[in-house]
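Subject: Structure handover

Hello,

Here is the structure for you to look through. My notes on it follow below.

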Amino acid sequence: MSDHVYWILAATVKDGQRDEFDAVKDELIEATATEEGCLNYEWSEGPDGTIHILERFADSAAAMAHMANFGPFAKRFMTCLTVNSWTLYGSPDETVQKALSPMGAVHYSSIGGFSK
C-alpha cells in the first residue's frame with residue numbers, strides 16, 4: 001500500500017447553475033494542474049447528470065496543499081453544487097480527515113491492494 005490519499009466526491013449541479021459550474025470546474029482544473037503532489041484530478045458526468053470528481057494525491061501533505069488552493073474557489077463551488085457523497089480512501093492522516101469531516105466525508109480504510 002502507499003501513502004496516497006484519494007477521494008470521490010459525488011454531486012449534482014443546482015438548477016440554473018450550469019454555466020457557473022462549468023466556469024469554476026475549468027478554473028479548478030487549471031489551478032490544480034500545477035500542484036506537484038496531485039496525481040489524478042478527473043471530473044466525470046453520468047447520464048443522470050451526477051458529477052463525480054476523483055482526486056488522488058501523493059500523500060496527506062499534498063491533499064492539504066490542494067485544500068488550501070481550493071479555498072478561493074470554495075464558495076463558488078458550493079453555490080453551484082449539491083454534494084451527495086464524499087468518500088475518502090487511502091492513508092489520510094488525522095489532519096486530512098478532520099478537514100473533510102465537516103463536509104460529510106466518510107473514510108474507507110485500506111485493507112489491501114497496490115498503487116503503481
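The radius of gyration used here is taken over C-alpha atoms, and the globule rule it is held against is 2.2 Å times the number of residues to the power 0.38. For 116 residues, that rule puts a compact globule near 13 Å; the protein chain has 14 Å, so the two agree. Please keep in mind that this is a predicted model.

Overall form

Along the principal axes, the C-alpha atoms of the protein chain fill a box of roughly 40 × 30 × 25 Å. The protein chain has four helices and five strands, and from the N terminus on they come in the order β-α-β-β-α-α-β-α-β. Of the contacts with a separation of 6 or more, 69% are between residues 24 or more positions apart. The accessible surface of the protein chain is about 6,800 Å², with 53% of it belonging to carbon and sulfur atoms. Buried residues are 36% of the 116.

In soluble globular proteins, nonpolar side chains tend to be buried together. Here the largest nonpolar core has 27 residues, and those with the most contacts inside it are Trp 7, Leu 28, Trp 43, Phe 77 and Leu 100. At least two residues of this core come from each of β1, α1, β2, β3, α2, α3, β4 (81-90) and α4. The element that gives the most is β1, with five residues.

Trp 7 sits in strand β1. Its relative accessibility is 1%, so Trp 7 counts as buried. Leaving aside neighbours within four places in sequence, Trp 7 is in contact with a list of residues that includes Ile 53, Leu 54, Phe 57, Ala 63, His 66, Met 67, Trp 86 and Leu 100. Trp 7 and Trp 86 are 79 residues apart in sequence, yet their C-alpha atoms are 6.9 Å apart in space.

Leu 100, for its part, touches Trp 7, Met 67, Trp 86, Leu 88 and Ala 105, not counting residues up to four places away in sequence. Buried means under 20% relative accessible area, and Ala 105 has 19%, so Ala 105 counts as buried. With residues up to four places away in sequence left out, Ala 105 touches Trp 86 and Leu 100.

Helix α2

Which residues of α2 are buried? In this helix (residues 60-70) they are Ser 60, Ala 62, Ala 63, His 66, Met 67 and Phe 70. These residues are on the same side of α2 because they cover an arc of only 160° around the axis. An α-helix has 3.6 residues a turn, so residues three or four places apart point the same way. Ala 61 and Ala 68 are exposed, and they are on the face of α2 turned away from its buried side.

The cover over the buried residues of α2 includes β1 (5-13), α1 (18-32), β2 (38-45), β3 (51-57), α3 (74-80) and α4 (94-100). At the N-terminal end, α2 is capped by Asp 59, which has a side-chain oxygen 3.3 Å from the backbone nitrogen of Ala 61. Past the other end, Gly 71 lies in the loop between α2 and α3. Gly 71 is partly exposed, with a relative accessible area of 42%.

Two further residues

Thr 32 belongs to helix α1 and is buried, at a relative accessible area of 3%. The side chain of Thr 32 reaches the backbone oxygen of Leu 28 at 2.8 Å. Not counting residues up to four places away in sequence, Thr 32 touches Cys 38, Tyr 41 and His 66; His 66 is one of the buried residues of α2.

His 4 is in the segment before β1. With a relative accessible area of 13%, His 4 is buried. Residues up to four places away in sequence aside, those touched by His 4 include Leu 39, Arg 56, Phe 57, Tyr 89 and Ser 115.

Regards

Key
Residues are numbered from 1 along each chain as its sequence is written. This is a predicted model: local features need pLDDT of at least 70, side-chain atom pairs count only at pLDDT 80 or more; totals for chains, interfaces and linings use all residues. Side-chain values use heavy atoms; hydrogens and water are left out. Buried means under 20% relative accessible area, exposed over 50%, partly exposed in between (1.4 Å probe, protein chains only). The arc is that of the directions from the helix axis to the C-beta atoms. Contact means heavy atoms within 4.5 Å. A polar contact is a pair of N or O atoms within 3.5 Å; within protein, one must be able to donate a hydrogen and the other to accept it, and residues adjacent in sequence count only if both atoms are side-chain atoms. Accessible areas come from the Shrake-Rupley method with a 1.4 Å probe; for residues, only the protein chains shown count as cover. A nonpolar core is a set of buried Ala, Val, Leu, Ile, Met, Phe, Trp, Tyr and Cys residues joined through side-chain atoms within 4.5 Å.
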